[in-house]
Amino acid sequence: MTTGVDLGQPQAQAIRSDEDVVRVRQLVRAVAVAVKLSLVDQTKVVTAASELARNTLVYGGGGSVDVVIVDNGRRKGVQIVFADSGPGIPDLDLALTDGYTTGGGLGLGLSGARRLVDEFQIETSAETGTRITVTKWSR
(Lines give C-alpha, C1' and ligand atoms only; values in the text may rest on other atoms or scores of the structure.)
Protein backbone atom coordinates (compact mmCIF):
# COMPACT_ATOMS: atom_id res chain seq x y z
CA MET A 1 0.00 0.00 0.00
CA THR A 2 1.37 3.41 -0.88
CA THR A 3 0.39 6.40 1.17
CA GLY A 4 1.43 9.09 -1.29
CA VAL A 5 3.47 10.52 1.60
CA ASP A 6 7.13 11.47 1.13
CA LEU A 7 8.34 10.37 4.53
CA GLY A 8 11.72 12.02 4.05
CA GLN A 9 10.16 15.49 4.18
CA PRO A 10 7.88 17.26 6.64
CA GLN A 11 4.27 16.87 5.59
CA ALA A 12 1.96 19.88 5.77
CA GLN A 13 -1.82 19.75 5.86
CA ALA A 14 -4.25 22.65 6.06
CA ILE A 15 -7.02 22.31 8.64
CA ARG A 16 -10.07 24.09 7.25
CA SER A 17 -12.83 21.44 7.41
CA ASP A 18 -13.90 18.17 9.02
CA GLU A 19 -12.44 16.38 5.99
CA ASP A 20 -9.06 17.94 6.78
CA VAL A 21 -9.26 16.53 10.32
CA VAL A 22 -9.69 13.08 8.75
CA ARG A 23 -6.69 13.76 6.47
CA VAL A 24 -4.60 14.69 9.52
CA ARG A 25 -5.50 11.38 11.15
CA GLN A 26 -4.53 9.47 7.99
CA LEU A 27 -1.25 11.34 7.63
CA VAL A 28 -0.28 10.83 11.27
CA ARG A 29 -1.14 7.13 11.06
CA ALA A 30 1.01 6.71 7.91
CA VAL A 31 3.99 8.37 9.58
CA ALA A 32 3.47 6.43 12.84
CA VAL A 33 3.50 3.16 10.87
CA ALA A 34 6.63 4.26 9.00
CA VAL A 35 8.55 4.85 12.23
CA LYS A 36 7.33 1.49 13.52
CA LEU A 37 5.33 2.71 16.48
CA SER A 38 3.45 -0.11 18.20
CA LEU A 39 -0.26 -0.39 17.40
CA VAL A 40 -1.06 1.02 20.85
CA ASP A 41 1.26 4.00 20.32
CA GLN A 42 -0.12 4.54 16.81
CA THR A 43 -3.60 4.72 18.29
CA LYS A 44 -2.47 7.13 21.01
CA VAL A 45 -0.75 9.56 18.65
CA VAL A 46 -3.58 9.44 16.09
CA THR A 47 -6.14 10.08 18.84
CA ALA A 48 -4.13 13.02 20.20
CA ALA A 49 -3.70 14.41 16.67
CA SER A 50 -7.41 14.10 16.00
CA GLU A 51 -8.29 16.02 19.17
CA LEU A 52 -5.73 18.74 18.47
CA ALA A 53 -6.74 19.05 14.81
CA ARG A 54 -10.38 19.43 15.85
CA ASN A 55 -9.40 22.08 18.41
CA THR A 56 -7.43 23.91 15.69
CA LEU A 57 -10.52 23.92 13.50
CA VAL A 58 -13.17 24.72 16.11
CA TYR A 59 -11.37 27.08 18.50
CA GLY A 60 -8.59 28.43 16.30
CA GLY A 61 -10.75 29.00 13.24
CA GLY A 62 -8.60 26.61 11.21
CA GLY A 63 -4.88 26.47 10.71
CA SER A 64 -2.28 23.97 9.68
CA VAL A 65 -0.35 20.94 10.82
CA ASP A 66 3.18 19.80 10.01
CA VAL A 67 4.11 16.16 10.57
CA VAL A 68 7.74 15.07 10.54
CA ILE A 69 9.80 12.03 11.43
CA VAL A 70 12.32 12.88 14.16
CA ASP A 71 15.37 10.90 15.26
CA ASN A 72 17.22 11.49 18.52
CA GLY A 73 20.01 9.03 17.75
CA ARG A 74 18.45 6.22 19.78
CA ARG A 75 14.98 6.03 18.32
CA LYS A 76 12.61 7.56 15.83
CA GLY A 77 9.38 9.32 16.48
CA VAL A 78 6.58 11.41 15.05
CA GLN A 79 6.52 15.14 15.74
CA ILE A 80 3.35 17.07 14.96
CA VAL A 81 3.00 20.86 15.06
CA PHE A 82 -0.48 22.41 15.05
CA ALA A 83 -0.72 26.15 14.42
CA ASP A 84 -3.59 28.61 14.16
CA SER A 85 -4.05 32.36 14.17
CA GLY A 86 -7.09 32.25 16.43
CA PRO A 87 -7.78 34.10 19.67
CA GLY A 88 -5.42 31.99 21.76
CA ILE A 89 -6.40 30.08 24.89
CA PRO A 90 -7.50 32.61 27.53
CA ASP A 91 -6.91 30.38 30.57
CA LEU A 92 -4.22 27.84 29.70
CA ASP A 93 -4.08 26.38 33.22
CA LEU A 94 -7.82 25.68 33.12
CA ALA A 95 -7.62 24.28 29.59
CA LEU A 96 -4.90 21.86 30.73
CA THR A 97 -6.92 20.67 33.74
CA ASP A 98 -7.95 17.01 33.64
CA GLY A 99 -11.58 16.65 32.67
CA TYR A 100 -11.94 20.21 31.36
CA THR A 101 -13.72 20.39 28.04
CA THR A 102 -15.84 22.94 26.27
CA GLY A 103 -17.60 20.17 24.37
CA GLY A 104 -17.64 19.21 20.72
CA GLY A 105 -14.40 17.21 20.62
CA LEU A 106 -13.57 13.70 21.74
CA GLY A 107 -13.87 14.87 25.31
CA LEU A 108 -10.15 14.43 25.90
CA GLY A 109 -9.33 18.08 26.06
CA LEU A 110 -5.76 19.29 25.97
CA SER A 111 -4.84 17.36 29.11
CA GLY A 112 -5.98 14.10 27.54
CA ALA A 113 -4.05 14.77 24.36
CA ARG A 114 -1.00 15.62 26.48
CA ARG A 115 -1.20 12.26 28.30
CA LEU A 116 -1.26 10.36 24.99
CA VAL A 117 2.11 11.67 23.76
CA ASP A 118 5.65 11.72 25.13
CA GLU A 119 6.35 15.43 24.68
CA PHE A 120 3.86 18.31 24.66
CA GLN A 121 4.58 22.03 24.24
CA ILE A 122 2.08 24.84 23.87
CA GLU A 123 2.47 28.51 23.05
CA THR A 124 -0.64 30.66 22.97
CA SER A 125 -1.55 34.33 22.91
CA ALA A 126 -4.34 36.52 21.66
CA GLU A 127 -1.89 38.20 19.28
CA THR A 128 -0.34 35.15 17.64
CA GLY A 129 -2.83 32.31 18.12
CA THR A 130 -1.84 28.87 19.34
CA ARG A 131 1.01 26.54 18.45
CA ILE A 132 1.09 23.04 19.93
CA THR A 133 3.99 20.65 19.32
CA VAL A 134 3.66 16.98 20.29
CA THR A 135 6.08 14.09 19.87
CA LYS A 136 5.55 10.35 20.22
CA TRP A 137 8.70 8.19 20.33
CA SER A 138 9.08 4.56 19.33
CA ARG A 139 9.70 2.21 22.24
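Me: How many of the eight residues of H4 are buried in this model?
Reply: The model is a predicted one, and in it the buried residues of H4 are Gly109, Leu110, Ser111, Gly112, Ala113 and Leu116. The cover over these residues includes H2, helix H3 (92–95), S4 and S5. H4 is thus described as mostly covered, and the number of its eight residues that are buried is six.

Me: Which element gives the largest share of the largest nonpolar core?
Reply: The largest nonpolar core has 31 residues, and those with the most contacts inside it are Ile80 and Phe82. The elements that give two or more residues to this core include helix H1 (18–34), helix H2 (39–58), strand S3 (76–84) and strand S5 (129–137). The largest share, seven residues, comes from H2.

Me: Is Asn55 buried or exposed?
Reply: Asn55 has its place in helix H2, and, not counting residues up to four places away in sequence, Asn55 touches Gly60 and Leu110. The cut-off for a buried residue is under 20% relative accessible area. Because the relative accessibility of Asn55 is 16%, this residue counts as buried.

Me: Is Lys36 buried or exposed?
Reply: Lys36 is found in the loop between H1 and H2, and this residue has a positive phi of about 65 degrees although it is not a glycine. A residue is called exposed when its relative accessible area is over 50%. Because the relative accessible area of Lys36 is 70%, this residue is exposed.

Me: What pattern does the protein chain follow when read along the sequence?
Reply: The protein chain has four helices and five strands. Read along the sequence, these elements follow the pattern β-α-α-β-β-α-α-β-β.

Me: Among contacts between residues at least 6 apart in sequence, what percentage join residues at least 24 apart?
Reply: Of the 139 residues in the protein chain, 44% are buried, while the accessible surface of the chain comes to about 7,400 Å², with 50% of that surface belonging to carbon and sulfur atoms. Among the contacts in the chain between residues at least 6 apart in sequence, the percentage that join residues at least 24 apart is 61%.

Definitions and conventions: Residues are numbered from 1 along each chain as its sequence is written. This is a predicted model: local features need pLDDT of at least 70, side-chain atom pairs count only at pLDDT 80 or more; totals for chains, interfaces and linings use all residues. Side-chain values use heavy atoms; hydrogens and water are left out. A nonpolar core is a set of buried Ala, Val, Leu, Ile, Met, Phe, Trp, Tyr and Cys residues joined through side-chain atoms within 4.5 Å. Buried means under 20% relative accessible area, exposed over 50%, partly exposed in between (1.4 Å probe, protein chains only). Contact means heavy atoms within 4.5 Å. Accessible areas come from the Shrake-Rupley method with a 1.4 Å probe; for residues, only the protein chains shown count as cover.
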